[in-house]
Amino acid sequence: MARWQVMSVTELMDENGDIINERVGLGDELVEINGVHVSTMVVGEVIQRVSGAVDTLVRMTFRNNRESREYSVTARRHVPINAPRGSSAAAQQPVPNRYV
């Protein structure tokens, strides 16, 4: 089961255009994108689901394991998302502990 851990948060924007980087914690785990569980997805699938047309919204659910809680953030798509260095967006096998 792949785990998608937050390694950094940059320019995360809410529906109103406000930067909301502080709402997502480093080390938290990405659980769902728009209601779809990501635990078995490969890196290309995660990137495809998070990315989309500029000014559309994406809802992401995270798990904070330190506090044993889940939370959701709705973000406006406004910057390109690139695959992590050294990964292949076309990968066919789950890649554990990568970030989005």
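Visitor: Which residues does T61 touch, not counting residues up to four places away in sequence?

Guide: This is a predicted model, where local features need pLDDT of at least 70, side-chain atom pairs count only at pLDDT 80 or more, and totals for chains, interfaces and linings use all residues. Residues are numbered from 1 along each chain as its sequence is written, and side-chain values use heavy atoms, with hydrogens and water left out. Contact means heavy atoms within 4.5 Å. By that rule, T61 touches E29, L30, V31, E32, E70, Y71 and S72.

Visitor: Is T61 buried or exposed?

Guide: Buried means under 20% relative accessible area, exposed over 50%, partly exposed in between (1.4 Å probe, protein chains only). T61 has a relative accessible area of 9%, so T61 is buried.

Visitor: Where is F62 found?

Guide: Strands (E, at least two residues) and helices (H or I, at least four) are DSSP runs, numbered from the N terminus. F62 is buried too, at 5% relative accessible area. Its place is residues 57-64, strand β4.

Visitor: How many Å apart are F62 and D28 in space, C-alpha to C-alpha?

Guide: In sequence, F62 and D28 are 34 residues apart.

Visitor: Where do the buried residues of α1 fall on the helix?

Guide: In helix α1 (residues 43-50), V43, G44, V46, I47 and V50 are buried. Seen down the axis, they fall within an arc of 165 degrees, so they line one face. The arc is that of the directions from the helix axis to the C-beta atoms. The buried residues of α1 thus fall on one face of the helix.
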